[in-house]
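I opened my notebook to work through this structure one item at a time.

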Amino acid sequence: MGGDGFVIPVESQVSSVKKKKKQSTTKKKTTAVSRSWVSLDRDGRSTILDVDKYAIMERAQINARDLRLLDPLLSYPSTILGRERVIVLNLEHIKSIITADEVLLRDPTDENVVPIVEELQRRLPSTNSLYQGQGEEEEPSTTQNELAENEFPFEFRALEVALEAICSFLDARTRELETDTYPALDELTSKISSRNLDRVRKLKSAMTRLTNRVQKVRDELEQLLDDDDDMAELYLSRKVAGTPESGSGTPTWFLASPKDYSKISRTSRVSAITIRGENDVEELEMLLEAYFMQIEGTLNKLITLREYIDDTEDYINIQLDNHRNQLIQLELFLSSGTVCLSIYSLVTAIFGMNIPYTWKEDHEHVFKWVVIVTGIVCATIYVSLSSYARYKGLVGT
C-alpha cells in the first residue's frame, strides 16, 4: 500500500486480535477512528489492512464524500450506493466497500463483524475455483462452462452476505425485544406499579429505536427496488466486462483466466450477455425482494409489538379511569354524609347555646325527641342524595 499503511496476513493476527479484545474492555474509549480494514478477494482470502482513508480512496477508487458515509463517528442512515467501480454499503455495523474483485470491510475485530468476515470467506469463492486444479491440457467440460455462465456475480455474493447478516441481526434483536416485552406487559396488566411502568417505558423506548433502524433499512431496499437505474449501477461485473483493456479485446474481468481459449469464449459470452441484458436487473431484483420481504416481516413484528403495547396502555388507562371513578363515588358518598352531619351539628349548636329560654324549663323530655328527629331527618337526606346519584348514573348500582 505504499507509505500510507501496511498489510498483515489474517492468520498471523488471530492471537493478537483476541488479546486486543480483552485489553479493549479495560481501556477507556477514545474518539479516534479505527484504521483497521479487512480485504477479501474472489477466493475468500482475507488480509488485514491498517491504512488511512486516503489509501482506501486510492485502493477502491472512491471519493471522500462516499467514504465519509462509512465513518463510525458520523451518523448516516442506512445506505446502499452504486458507483462506477464500487458499491458502498452502510448498514448499521456493516460498513463495506465492494468492488468487482474484492470486499473491503471496516473494523473486522468488532464482535458483530467477525461472523460476517467468516461468512464472506466461506461464500465468496466462485464455482470456477473448484476446477482450478485441472491440468493445462484438460479442457473444461460443458457443465463447468454452464456453471461459469450462470454464476452469481462476485459483488452480488458479497451484497447477499451483507443483507443476510443485517436482516438476521435486526430480526434477532426483535425476537429478544419480544421475549422481554410480552412478559413485562402481562405483569403490568396484573399489577400496576412504578417498577413495572418504568420497565415497560424502557422497553417501549428500545422498540421505537429498533423500529427506526429497521425502517431505514427497509426504505433503502424499497428505494432501490423502485429504481431500475440504481439497481443497474450495482452490476459492477457487467461494467467491467464491457470495458476492455487498451490494446486488448479481452475484458478486465477475465484477466486471471488460466487458458487463452477460455478467455476468448467467456469474453464472447459475457459480451452477448451485456448487450442482451444491459438494462436487465431481474437477477438483482429477486435478490433484493427476498431480503425486502424478510425485513418487512421484522418490521411487521415490531408493529404488532407496538400495537400490543398500545392495547396494554389503553387497558391500563381504563383500569385507572375505573379506579378514579370509584374514588369519585366514594368522595360523593363522603360529601353527602358530611352535609348530613353538618345539619345535625347545626341543630346541636342551636340547642347548645348558653342563652336563657323559657321553653328550656320543665321540658327535659324534649331532648331525646330532638335527637331522634334530627337523626331521622339527616338519614333521610343522605338516602335521598344517594338515590338521586344512582338515578342520574353518577354512581354504580
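**Entry 1: Arg 175**

I looked up Arg 175 and found a relative accessible area of 43%, so it is partly exposed. I note that the model is a predicted one. I placed Arg 175 in helix H6. Then I checked its distance to Leu 302. Arg 175 and Leu 302 are 127 residues apart in sequence. In space, their C-alpha atoms are 9.3 Å apart.

**Entry 2: aromatic pairs**

How many aromatic pairs does the structure hold? I found two.

I took Phe 156 and Tyr 235 to begin with. Their ring centres are 4.7 Å apart and their planes stand at 85°. Planes over 60 degrees apart count as edge-to-face, so I logged this pair as edge-to-face. Where do the two residues lie? Phe 156 is in helix H6, residues 154-190. Tyr 235 is in the loop between helix H8 (228-232) and helix H9 (236-241). The pair therefore ties together parts that are 79 residues apart in sequence. Are these residues buried or exposed? I found Phe 156 buried, and Tyr 235 buried as well.

Next I turned to Tyr 182 and Tyr 308. They form an edge-to-face pair, with 5.0 Å from centre to centre and 70° between the planes. Tyr 182 sits in helix H6, and Tyr 308 sits in helix H11, residues 282-351. I noted that this pair links distant parts of the chain, 126 residues apart. Tyr 182 has 25% relative accessibility, so I marked it partly exposed. Tyr 308 has a relative accessible area of 30% and is partly exposed.

**Entry 3: charges over rings**

I searched for arginines over aromatic rings. Arg 238 has its charged end over the ring of Tyr 235, at 3.9 Å from the ring centre. Arg 173 lies over the face of Phe 169, and here the distance to the ring centre is 4.7 Å.

**Entry 4: two helices**

Two packed helices are described by the angle between their axes and the distance between the axes. I looked up both for H11 and helix H12, residues 366-391. Their axes come within 9 Å and cross at roughly 160°. That angle makes H11 roughly antiparallel to H12. I recorded the crossing of H11 and H12 as right-handed.

**Entry 5: an annotated span**

I checked the UniProt record, an unreviewed entry. It annotates residues 200-227 as "coiled-coil region". In the model, I found this span to be 96% helix and 0% strand. The C-alpha atoms at the ends of residues 200-227 lie 40 Å apart.

Note on methods:
Residues numbered from 1 in each chain as written. Predicted model: local features only at pLDDT ≥ 70, side-chain atom pairs only at ≥ 80, totals over all residues. Heavy atoms only, no water. Phe/Tyr/Trp six-rings, centres within 6.5 Å; stacked < 30°, edge-to-face > 60°. Helix = DSSP H or I, 4+ residues; strand = E, 2+ residues; numbered from the N terminus. Buried < 20%, exposed > 50% of the residue type's maximum accessible area, 1.4 Å probe, protein only. Lys NZ or Arg CZ within 6 Å of the ring centre and 35° of its normal. UniProt positions renumbered as here; feature names shortened; annotations may be inferred. Axes fitted to C-alpha atoms, helices over the stretch in contact; angles between N-to-C directions. Parallel < 35°, antiparallel > 145°, perpendicular 65-115°, else oblique. Left-handed = near helix turned anticlockwise from the far one by under 90°.
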